[in-house]
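Please look over the model below before reading on. The report then walks through its strands, cores, domains and chain contacts.

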Amino acid sequence: MLDQLREPAFTKRGLSRTSRVPRRSPITWVRGGGLSTLLFLAPLLFVFGAFSWYPIVRTVVMSLQHTNLVQPATWVGFANFKAVWHDPLFPVAVKNTLYFAGLALVFGYPIPLIAAVLMSEVRKRRGIYSALAYLPVVIPPVVAVLLWKFFYDASSTGVFNTVLGWIHLGPYPWLQSQQWAMPSLVLESTWANAGATVIIYLAALTGVQTELYEAASVDGAGILRKVWHVTLPQLRGILLVTLILQIIGTAQVFLEPYLFTSGGPANATLTVLLLIYNYAFGNSLGGDYGKATALSLMLAVFLAIFSLIYLRATRSWSTR
Amino acid sequence: MKSLRRIATAVAVAGLVALCATAAALGSRSSSVTISVASLIPGSTQAAIDQFNSQVAQFEKANPGITVKPVEYNWTGPTFAAKLAARTLPTVFEVPFTDARSLGDNGQLANLTPYAKALPYFSEFNPAVIAEGTDAKGQVVALPKGAYAQALHYNRQLFSEAGLNPNKPPTTWAQVRKDAKIITEKTGKAGYVEMAKDDNTAGWILTTVVYSLGGRMETGTGTSAKATLDNKYTIQALNMLKAMRWTDNSMGSNFSYSWGDINQAFAAGTVGMYVSGSDIYTNLVQAYNVNPAIYGIAPIPLAKNKTAGVLGGGTLAAVRPDASKAQIAAAVKWMSFFYEEPQISKTQAIRNAQTLVANKQPVGVPALPLFNKHLYDISQTWIKPYINVPIAQMKPFLTGIFSENLIPEPEASTQSVYHALDAVVEGVLTNKDTNVVQMLQQATSEAQQAISSGA
């Protein structure tokens, strides 16, 4: 009822304001602070224009060209898109990316949530736990990968294999096996990225009303029931946002396969972004920048459509 | 009025003086030129850097108008392509034999023809070598730096520890397999390893082994060449690799060595044998301080058939396509001074060897002649007193290599052919159940696609 009353009132107010305000001349626009607004906006427009919008437009243009960035480009229409579509490595890269995303979703998505819930239950030294959880995020990714490469040494004297050897397991080939390589990448990726999500969940958990937990306790709910019936429903907005961010992030995974395995062994960790990189820089005679930008656009369009569908499908659930 | 005239005269004189000074300054600026040149790979020892800087100082002294700026440089496929596109390569840079012609045809290298042909020794170049730096229009787009033959490098210390004779390296692939197994059993180290990374090196080494068995990766030339990756010799080479990896377990636990990694592992003494260019000793010293006592080099084992041969390759020096005429002229002078003259001019050869020795850098590393065998032999006599590499340990290689059947790398889409083979080598080394024939068929199809499109 309140909503019904509010809407016409707003519309009325809007109409009356429009009818009262006279049409602005350039002088009134300047006097009204338009120029200073433009001045304040200019750096932002320049930065976005130069570093975001221009590269996007350039990407679209290059996807329709054949160019080695030294000689003049030639227009080739949609030939680059067709070439990508018919590349035997394209389905391999898509399948591997989906595999990475699936593994990351199964292992990487619940772990930060569980860690955050457990940490929120801790009464003492919560700061230390938060810091420990966040520490991998502040380690430069290249350093982290080099460190894990050392851990993943496939010989029996490798760090992980030595530890597992104590309980009579292994040695495992880790990055040196087609079957083990992708799960190994997901393991490191989860370790490296979980901290940031844990902090987001911890912040969200402070917003959960304590009365709800007290009421659940009065009803005889244990810790698991409290988490299921109170914590998760209260966090659902955040959970949905982190889920879509994780899906977008994993669809664009590049760093781990590039630094750990270069897409190997035998293309077992070749992801879509790595394929884009290979198109652009894989051939020392000059990259196929047309194909690289074409696949970039295909990925961007797919993710945009996926995000729209996801947001539309989960809109009612996230605001319930 | 007089004073006004005086002022006007003074102003005119001052103006003239200023004009002359500016002209003189401009004149001196136009006669001086700065070029950046590829120097050493990142991570080289201080001694190697000092040696290079001494060379630069000598060159600048001899060419007062030219300033040379050394830039660390390491050719790898992906970084080269990125630098080429971003135009961040030094004025003078190095490319493998496989790439120069195509880069020249694509307009990505400067035309050196008038300056190169003016070099007094240009006609002495080995025709096969200079052809690698000449594009389809006949323009010279690169000058040779060095040529190598693929060789078998082995750790003499591990051979001794395993009870093998370090003076008698294997001469057949069956012996390589047998010795690798013995080394692993006796020392616990990898008996034989191969570059197996997805950066074209795995394909390069597989091609070397296939050549040594008698096979070829393609027939014909240009975009009409036919990919023949799935020939019987490639299958034979891969089956041998499979046996060493999965039956003998003599290849250690690292199956993702790149060019640098494998050199590092060898210098660290963890590798019994591996295949790489005959000139690799320089990198082993400059980047990894290898103990000379462990180093041994032998020719690639060749099968007993007429088509078996040793893969030969090399490196050329080229110039950025956007370099000015003055820069190109200066660049060719530098290339002549740094790469060519030590091999054809007695004075320069001795001076170069002295500088290398003074900075504890290797002199006498096995290489193939850029000019002809006769001139090569003469140049070796000039530097004989300065040779500091373990030449006796290189005897197995040096005695046989010049009579071997040297075969150039696949001509059409070389790097793409190697790249298609990378996945096959990785597949064999990381999956026991890999279907070699099926993987080779896919690689052949990928390579053919690249060849036909000129990629």
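Which residue is the bridge partner of B:Val95 in S10(B)? The partner is B:Leu316. Note that this is a predicted model, and every value here is computed from it.

**Strand S10 of chain B**

Start with strand S10 of chain B, residues 310–319. Buried residues account for 10 of its 10 positions, so the strand is largely enclosed by the rest of the structure. Both faces are covered. On one side sit B:Val310, B:Gly312, B:Gly314, B:Leu316 and B:Ala318, all buried. On the other sit B:Leu311, B:Gly313, B:Thr315, B:Ala317 and B:Val319, also all buried.

| Partner strand of S10(B) | Sense | Bridges |
|---|---|---|
| S3 of chain B (residues 92–96) | antiparallel | 5 bridges |
| S4 of chain B (residues 142–155) | antiparallel | 7 bridges |
| S11 of chain B (residues 406–408) | parallel | 3 bridges |

B:Ala142 has B:Ala318 as its bridge partner in S10(B). B:Gly312 stands opposite B:Pro408 in S11(B).

**Nonpolar cores**

B:Ala318 turns up again in the core. The largest nonpolar core has 166 residues. Those with the most contacts inside it are B:Val92, B:Leu112, B:Ala318, B:Trp334 and B:Leu421. In soluble globular proteins, nonpolar side chains tend to be buried together.

What does B:Leu421 touch, leaving aside its neighbours within four places in sequence? Its contacts are B:Ala202, B:Gly203, B:Leu206, B:Thr207, B:Leu229 and B:Ala443. There is also a second, separate core of 9 residues. Among its members are A:Ala115, A:Ala194, A:Val198 and A:Leu235.

**Domains of chain B**

Domain 1 of chain B covers 33–147 + 313–386. Domain 2 of chain B covers 151–311 + 406–453. Their C-alpha centres lie 28 Å apart. The contact between them draws 18 residues from domain 1 and 16 residues from domain 2. On the domain 1 side, helix H4 of chain B (residues 97–105) gives the most, with 3 residues. That side divides into 8 nonpolar, 9 polar and 1 charged.

**Chain A**

How many helices and strands does chain A have? The secondary structure comes to 15 helices and 2 strands. Chain A is more spread out than a compact globule, because its radius of gyration is 26 Å, well over the 20 Å that the globule rule gives for 320 residues. Along its principal axes, the C-alpha trace spans about 80 × 75 × 35 Å. Buried residues make up 28% of the 320 residues in chain A. Take the contacts in chain A between residues at least 6 apart in sequence: 63% of these join residues at least 24 apart.

Chain A is divided into domain 1 (25–62) and domain 2 (79–319). The C-alpha centres of these two domains of chain A lie 36 Å apart.

How values were computed
Residues are numbered from 1 along each chain as its sequence is written. Chains are lettered from A and ligands numbered from 1 in the order in which they are written. This is a predicted model: local features need pLDDT of at least 70, side-chain atom pairs count only at pLDDT 80 or more; totals for chains, interfaces and linings use all residues. Domain bounds come from an automatic or database domain assignment. Two residues are in contact if their C-beta atoms, placed from the backbone, lie within 7 Å. Helices (H or I, at least four residues) and strands (E, at least two) are DSSP runs, numbered from the N terminus. Ala, Val, Leu, Ile, Met, Phe, Trp, Tyr, Cys and Pro count as nonpolar, Asp, Glu, Lys and Arg as charged, and the others, Gly among them, as polar. The radius of gyration is taken over C-alpha atoms; the globule rule is 2.2 Å times the number of residues to the power 0.38. A residue is buried if 20 or more other C-beta atoms lie within 10 Å of its own, exposed if 12 or fewer, and partly exposed in between; C-beta atoms are placed from the backbone. Two strands pair if DSSP finds at least two bridges between them. A nonpolar core is a set of buried Ala, Val, Leu, Ile, Met, Phe, Trp, Tyr and Cys residues joined through C-beta atoms within 7 Å.
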